Amino acid sequence: MYALSLAQSISTVRERIAEAAVRAGRRPEDVLLVAVSKGVAVEAIEEALAAGLTVFGESKVQEAEEKARALRGRNVRWHMVGHLQRNKAGPAVRLFDLIHSVDSVRLLEALEGHAAEAGRSQPVLIQVNLAGEESKYGVPEEKLGPLAEAARVLEKVRVEGLMTIPPFDEDPEKSRPLYRRLRELAERYGFRHLSMGMSGDFEVAVEEGATMVRVGTVLFGERQYA
Ligand SMILES: *Cc1c(COP(=O)(O)O)cnc(C)c1O
């Protein structure tokens, strides 16, 4: 049912990522497309798998668990892109290859405990609230240093980069200074990954150094919830 149009939107998004990378003198393969599948039916995820996508972003642990169960045995990697509550740290460690949204020492410590228990390491990104929006999760820029410092002593949790969500704006150029700032911060702390860019502004993010873009709507169409 979705096959044709979904496959087409995937290839269009891939082309747009590649062109933005080339404009910035980067290699397209250095940008991971995380297909944000929150609110998307399992059937559509299967179509996306058939079209070659493997990494899916979810924003609710329970929804991700249900989809993972339905797709067990398939080559799917799940990323947590939404806010993670500490009491969901256990299931999150069991399910997600990467958690994009760590924003407190207490969450880091909860993840460390569960990762140790599970005998695995847990890659994470720190979410930074660069615009200082009240409504957004993430650490303010001035708390990034202390959080990165607290993470250094952990044995199982590995901070591999930074993530940010800019304020919504029709104009993608409004995101550019924030993405540039996130890259400067990642360089300062020696982090490799930058998770930035959504449907409305992923090309700007790629031009500014994104190593992962989180794209939902332009792949799967409008969702029931944000
Ligand atoms: C929903 C969501 C996305 C995808 O947004 P689109 O505008 O649909 O591409 C990306 N990142 C996060 C954190 C999200 O919650």
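Predicted model: local features only at pLDDT ≥ 70, side-chain atom pairs only at ≥ 80, totals over all residues.
Visitor: Which residues of helix α3 are buried?
Guide: Helix α3 spans residues 61-70, and its buried residues are V61, E63, A64, K67 and A68.

Visitor: Why do they line one face of the helix?
Guide: Viewed down the axis of α3, the buried residues fall within an arc of 160 degrees, so they line one face. In general, an α-helix has 3.6 residues a turn, so residues three or four places apart point the same way.

Visitor: And which residues are exposed on the other side of α3?
Guide: Q62 and R69 are exposed there.

Visitor: What covers the buried residues of α3?
Guide: The cover includes helices α2 (42-50) and α4 (89-95), together with strands β2 (55-58) and β3 (77-80).

Visitor: Staying with β3, how many bridges join it to β4?
Guide: There are 2 bridges between β3 and β4, and the two strands run parallel. H79 has L98 in β4 as its bridge partner.

Visitor: Is β4 buried or exposed?
Guide: Strand β4, residues 98-102, is mostly covered, with 5 of its 5 residues buried.

Visitor: A new topic: where is R214 found?
Guide: R214 belongs to strand β9, which comprises residues 212-215.

Visitor: What is the nearest side chain of opposite charge to R214?
Guide: That side chain is D201, at 7.1 Å. R214 is buried and has no salt bridge.

Visitor: What does the side chain of R214 reach, then?
Guide: It reaches the backbone oxygen of T164 at 3.3 Å. Beyond neighbours within four places in sequence, R214 is in contact with several residues, among them V34, H100, M163, T164 and M198.

Technical notes
Residues numbered from 1 in each chain as written. Heavy atoms only, no water. Buried < 20%, exposed > 50% of the residue type's maximum accessible area, 1.4 Å probe, protein only. Helix = DSSP H or I, 4+ residues; strand = E, 2+ residues; numbered from the N terminus. Arc of directions from axis to C-beta. Contact = heavy atoms within 4.5 Å. Lys, Arg positive; Asp, Glu negative; His and termini not counted. Salt bridge = Lys/Arg side-chain N within 4 Å of Asp/Glu carboxyl O. Polar contact = N/O pair within 3.5 Å; in protein donor to acceptor, adjacent residues only side chain to side chain. Pairing = 2+ DSSP bridges.
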